[in-house]
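This briefing goes through one protein model by topic, starting with its pocket and moving on to its rings and to a few individual residues. Please keep the structure open while reading.

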Amino acid sequence: MPRYKLTIEYDGTPYAGWQRQSGLPTVQTAIETAITRFCGSAVTITTAGRTDAGVHAIAQIAHVDLQKEWQCEKVRNALNAHLIQAKEIISILRVEKVEQNFDARFSALRRHYRYRILNRPSPPTLDAQYVWWVLRRLDAEKMHEAAQKLVGYHDFTTFRAAHCQAKSPLRTLERLDVRQNEEWIEIHASARSFLHTQIRSFAGSLAEVGWGHWNADDLEAALKARNRACCGVVAPPQGLCLIRVDYTV
């Protein structure tokens, strides 16, 4: 069976996350339905990362095995046509034929996420569903300085959801940068894999630093506590977006 790699963009606002859930709209369900309508057979797609409810993606990766070989452009155009017809907020950006040993999840070397904060007194209008609106002034420089305490190989129990299904809280965080451009603050995180709500937990805890409630040592102490109760606020999902997944080819 030929295997295809899909690059996917979606607005996570109306979906209960990526993963298929009975009775709930999900990104996986919408795409699998479109594929079934296109090729006439039920399929299961595998993704690089299962985003939570309300989280967006501009370059999510998935793979699917089809019973028949199709031209990549035809697959892309047909799936988009069915997604549009179903009024889904999902777009298939690219379809590529790949080898059978390619796995969207296990072949991934690195995931890159961006968390956006709008830091101003006035609420957002056009970007309301894509940012965390924070009224009180944040000190982005102090947030970036503190963020470096989290980079490296650590037990991230403090920053993962209580119901996280990962077998281990140990992860290597390769990058955690905080950048500011006027009223916009962006947090960029890169790692081979992340725990459930890890980045949103980072964002909320870094906001505690930005507000002056914590300093860099407090953030490090929270990390070393390995206790979920020591996490700061958990930032809302709409500011988070999967922006890239790296592979060897």
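The elements named below, helices of at least four residues and strands of at least two, are DSSP runs numbered from the N terminus. With that numbering, β2 (46-47), β5 (110-119) and α4 (198-210) each supply at least two residues of the lining of the largest pocket. The model is predicted, and local features are reported where pLDDT is at least 70.

**The largest pocket**

- The largest pocket holds about 1200 Å³ of space, and among the 37 residues that line this pocket, those closest to its centre are Gly49, Arg50, Arg105, Phe194 and His196.
- Helix α4 gives the most to the lining, contributing 3 residues.
- By residue class, the lining of the largest pocket comprises 15 nonpolar, 14 polar and 8 charged residues.
- Arg105, one of the residues closest to the pocket centre, is placed in the loop between β4 (90-98) and β5.
- Beyond its neighbours within four places in sequence, Arg105 is in contact with Thr46, Thr47, Ala48 and Arg111, while its C-alpha atom lies 16 Å from that of Val27, a residue 78 places away in sequence.

**Aromatic pairs and clusters**

- Over the whole structure, a search finds 8 aromatic pairs.
- One of them joins Tyr113 and Phe194 in an edge-to-face arrangement, with 5.5 Å from centre to centre and 90° between the planes.
- This pair links distant parts of the chain, since Tyr113 belongs to strand β5 and Phe194 to the loop between β9 (184-191) and α4, 81 residues apart.
- Tyr113 and Phe194 are both buried, and Phe194 is also among the residues closest to the centre of the largest pocket.
- Tyr115, Trp132 and Trp211 make up one aromatic cluster.

**Tyr115 in strand β5**

- Tyr115 lies in strand β5 and has a relative accessible area of 0%, so this residue is classed as buried.
- Which residues does Tyr115 touch, not counting those up to four places away in sequence? They are Trp132, Ile185, Glu186, Ile187, Arg200, Ala203, Ala235, Pro236, Gly239 and Leu240.

**Charges over rings**

- The charged end of Lys68 sits over the ring of Trp70, at 4.2 Å from the centre of that ring.
- Arg136 lies over the face of Trp211, with 4.5 Å to the ring centre, and Trp211 is also a member of the aromatic cluster with Tyr115 and Trp132.

- Asn80 lies in helix α2, which spans residues 72-85, and with a relative accessible area of 16% Asn80 is buried.
- Setting aside residues up to four places away in sequence, Asn80 touches Ile90, Ser91 and Ile92.
- Gln129 lies in the loop between β5 and β6 (132-134) and, at 40% relative accessibility, counts as partly exposed.
- Apart from neighbours within four places in sequence, Gln129 is in contact with Asp11, Thr13, His56 and Gln238.
- Gln129 and Glu88, which are 41 residues apart in sequence, lie 16 Å apart in space, taken from C-alpha to C-alpha.

Note on methods
Residues numbered from 1 in each chain as written. Predicted model: local features only at pLDDT ≥ 70, side-chain atom pairs only at ≥ 80, totals over all residues. Heavy atoms only, no water. 1 Å grid on protein atoms, 1.4 Å probe; cavity = no way out; pocket = protein on both sides within 12 Å on 5 of 7 lines; lining within 4 Å. Points joined across faces, edges and corners; volume = space filled by probe spheres on them. Nonpolar A, V, L, I, M, F, W, Y, C, P; charged D, E, K, R; others polar. Phe/Tyr/Trp six-rings, centres within 6.5 Å; stacked < 30°, edge-to-face > 60°. Buried < 20%, exposed > 50% of the residue type's maximum accessible area, 1.4 Å probe, protein only. Lys NZ or Arg CZ within 6 Å of the ring centre and 35° of its normal. Contact = heavy atoms within 4.5 Å.
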